[in-house]
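Please keep the sequence and the structure at hand while reading.

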Amino acid sequence: MTISWGNIEKILTYGNMFQQGLIVTVLLALCTVFFGFFLAFGLALMLLSDVRPFRYLEKVKTDDINKKKRNDFIAKFNPVKLIANCYVQFVRCTPMLVQIFLVYYIVFGFITLPKFTFFGFIQFERFFPAAVALALNSGGYMSAVIRGGIEGVDNGQTEAARSLGMSKAQTMYHIILPQAIKNILPAVANEFVTIIKESSICYTIGVQDIMFNVKSVQSATFIIAEPLLMATFLYFCLCFPTSKIIEYVERRMRQSDNR
Amino acid sequence: MTTDNTALIKVRDLKKHYNYGAIKALDGVNIDINKGDVMVVIGPSGSGKSTFLRSLNLLEEPTDGSIVFDGRDIVNEKINLDEFRERMGMVFQHFNLFPHKTILENLTLAPQIVKGKSKEEAEKKALELLDRVGLKDRASAYPVQLSGGQKQRVAIVRALCMDPEVMLFDEPTSALDPEMVGEVLEVMKELAKEGMTMVCVTHEMGFAREVGNRVVFMADGNIIEEGTPEKIFDHPESPRLKDFLGKVLEA
Ligand SMILES: Nc1ncnc2c1ncn2[C@@H]1O[C@H](COP(=O)(O)OP(=O)(O)OP(=O)(O)O)[C@@H](O)[C@H]1O
Ligand SMILES: [Mg+2]
């Protein structure tokens with residue numbers, strides 16, 4: 001197999017297909033990160049929650065140390081956290097491709113989506129399940145980051161706020177989150193870069209992203225290598241500047257921290 | 001100084017254990033804190049001073065015992081913890097100012113969202129108090145722009161903005177450069193003069209002697225000796241206290 005200028009010129013005549021693919025990929029990544037973020041935020045709050053139906057067992061006084069240990073163990077049980085944990089583990093321990101197929105063929109096999117195109121060329125009934133699947137996946141991963149960002153805020157802040165009489169919710173909203181956001185935002189932006197790359201498997205359910213159009217051009221022209229090079233170039237041009245910008249903003253934010 | 005003898009806080013058999021009793025941070029503390037008391041808590045590192053102080057406003061949940069504050073057992077009764085905490089101010093070793101808020105916002109946030117004061121009302125009081133600690137002109141600065149001593153004075157004012165009945169101090173000057181200790185102690189002295197009930201963990205023996213009306217010596221999670229500054233510093237009884245004073249006073 002050879003790579004020739006002639007071939008490259010030939011596939012460039014399919015430029016608008018690559019352009020459409022590019023738009024789909026970026027749009028998919030944006031939707032994913034947007035909805036994934038809310039999911040992740042909810043999951044993070046669940047992971048940090050203190051819903052313990054048996055907490056009264058902590059207070060039960062007993063001289064039997066084993067009984068006390070058993071009571072404390074049961075008192076730790078937090079169903080909300082357990083559910084969130086199960087979800088995160090499911091997302092982490094199953095392949096993304098499987099998750100996409102599950103969502104597309106099973107979930108949206110039962111739910112019929114309206115068939116229409118938006119922006120002229122994006123098929124909603126394929127785009128939407130892909131965005132849902134990616135958001136479900138990305139949300140699972142991002143929840144750990146958000147939780148870490150919240151936990152990374154010095155405990156003294158919570159103590160100070162609580163000692164002033166603020167409730168847990170007030171402390172979270174007024175004190176912790178504004179500080180945690182600095183830890184969280186760069187990671188969310190990086191997730192955007194990750195999703196741009198990982199969304200490339202969505203061509204398997206017919207989402208017309210960059211990879212899908214690579215396949216189309218390949219089968220239309222019988223040229224194999226050059227469309228792939230084109231895709232490589234496009235992904236790189238999307239990801240490299242974005243991650244550089246994030247790095248820069250992150251550095252700036254850190255500088256303003258230790259004024 | 002107003003010292004009537006109604007105990008504001010009654011601590012009974014207070015225990016805080018870790019690892020199922022392997023570590024006894026507090027092991028049966030009994031003490032009455034009266035209105036207007038300036039109680040100074042001293043003792044070697046790890047003796048449970050911080051744990052005791054933090055138990056008083058339930059930042060630390062006691063393992064056993066009771067704390068009766070203003071007639072209510074805050075450990076064992078079902079109480080609204082937040083409502084009760086706003087009546088006790090706390091000042092920390094590391095200030096714990098909110099770095100993302102200006103000094104004025106630091107001072108006015110809790111009065112507004114906890115006490116429901118209006119912004120104007122909260123700011124008026126905050127500026128008044130800031131003025132008294134000589135920091136009115138720094139109201140719009142951020143905590144990073146202040147020195148340690150200034151931060152701690154702001155932290156004290158932040159607690160005062162809630163009109164607390166008791167102020168708890170946990171080594172408020174330990175994180176400060178020596179030249180800044182004085183300005184913070186001065187503010188605390190003022191507060192004591194006005195009759196504020198204070199419980200103060202400190203290593204500043206001069207302050208303890210001058211400002212405290214009661215000194216409590218803790219060791220191994222217990223109160224070993226308690227009394228007036230004269231009694232504790234000039235006529236210590238227990239060997240632990242004598243030993244401790246020997247070490248601190250020669251340093
Ligand atoms: N979370 C914890 N888990 C286990 N042990 C703890 C914990 N917190 C405190 N302790 C132990 O409790 C004891 C009392 O600690 P505390 O911080 O109250 O001492 P302190 O008198 O304030 O000491 P310092 O002067 O160093 O501040 C120490 O032995 C400490 O190791
Ligand atoms: Mg301490």
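## Helices α2 and α8 of chain A

In α2(A), the residues Thr25(A), Val26(A), Ala29(A), Leu30(A), Thr32(A), Val33(A), Phe37(A), Phe41(A) and Leu45(A) touch α8(A), where their partners are Met172(A), Leu177(A), Ile184(A), Val188(A), Glu191(A), Phe192(A), Ile195(A) and Ile196(A). Sorted by class, the residues of this contact are 14 nonpolar, two polar and one charged. The model is predicted.

Helix α2 of chain A covers residues 15-48, and helix α8 of chain A covers residues 168-198. The two pack at an angle of about 145°, and their axes are 10 Å apart. The crossing of α2(A) past α8(A) is right-handed.

## Helices α6 and α8 of chain A

Helix α8(A) also packs with helix α6 of chain A, which spans residues 124-151. Their axes come within 8 Å and cross at roughly 140°.

On the α6(A) side, the contact is made by Leu134(A), Ser138(A), Met142(A), Val145(A), Ile146(A), Gly149(A) and Ile150(A). On the α8(A) side, the residues include Met172(A), Leu177(A), Ile184(A), Val188(A), Glu191(A) and Ile195(A), each of which is also listed in the contact with α2(A). The contact of α6(A) with α8(A) has 13 nonpolar, three polar and one charged residues.

## Helices α5 and α6 of chain B

In chain B, helix α5 (residues 148-160) packs with helix α6 (residues 178-193) at an angle of about 20°, and the axes are 8 Å apart. That angle makes α5(B) roughly parallel to α6(B). The crossing of these helices is right-handed.

From α5(B), the residues Gly148(B), Gly149(B), Gln150(B), Gln152(B), Arg153(B), Ile156(B) and Leu160(B) take part in the contact. They meet Met180(B), Glu183(B), Val184(B), Val187(B), Met188(B) and Leu191(B) of α6(B). Of the residues in this contact, seven are nonpolar, four polar and two charged.

## The surroundings of ligand 1

Which residues of chain B surround ligand 1? They are Tyr18(B), Ile23(B), Ala25(B), Pro44(B), Ser45(B), Gly46(B), Ser47(B), Gly48(B), Lys49(B), Ser50(B), Thr51(B) and Glu171(B).

Three of these residues can be described further. Gly46(B) has a backbone N or O atom 2.8 Å from an oxygen atom of ligand 1. For Gly48(B), a backbone N or O atom lies 3.0 Å from an oxygen atom of the ligand. In Lys49(B), a polar side-chain atom is 2.8 Å from an oxygen atom of ligand 1.

Notes: Residues are numbered from 1 along each chain as its sequence is written. Chains are lettered from A and ligands numbered from 1 in the order in which they are written. This is a predicted model: local features need pLDDT of at least 70, side-chain atom pairs count only at pLDDT 80 or more; totals for chains, interfaces and linings use all residues. Side-chain values use heavy atoms; hydrogens and water are left out. Axes are lines fitted to C-alpha atoms, for helices over the stretch in contact, and angles run from 0 to 180 degrees between N-to-C directions. Helices (H or I, at least four residues) and strands (E, at least two) are DSSP runs, numbered from the N terminus. Angles under 35 degrees count as roughly parallel, over 145 as roughly antiparallel, 65 to 115 as roughly perpendicular and the rest as oblique. A crossing is left-handed if the near helix is turned anticlockwise from the far one by less than a right angle, and right-handed if clockwise. Contact means heavy atoms within 4.5 Å. Ala, Val, Leu, Ile, Met, Phe, Trp, Tyr, Cys and Pro count as nonpolar, Asp, Glu, Lys and Arg as charged, and the others, Gly among them, as polar. A residue is near a molecule or strand if one of its heavy atoms lies within 4 Å of it. A polar contact is a pair of N or O atoms within 3.5 Å; within protein, one must be able to donate a hydrogen and the other to accept it, and residues adjacent in sequence count only if both atoms are side-chain atoms.
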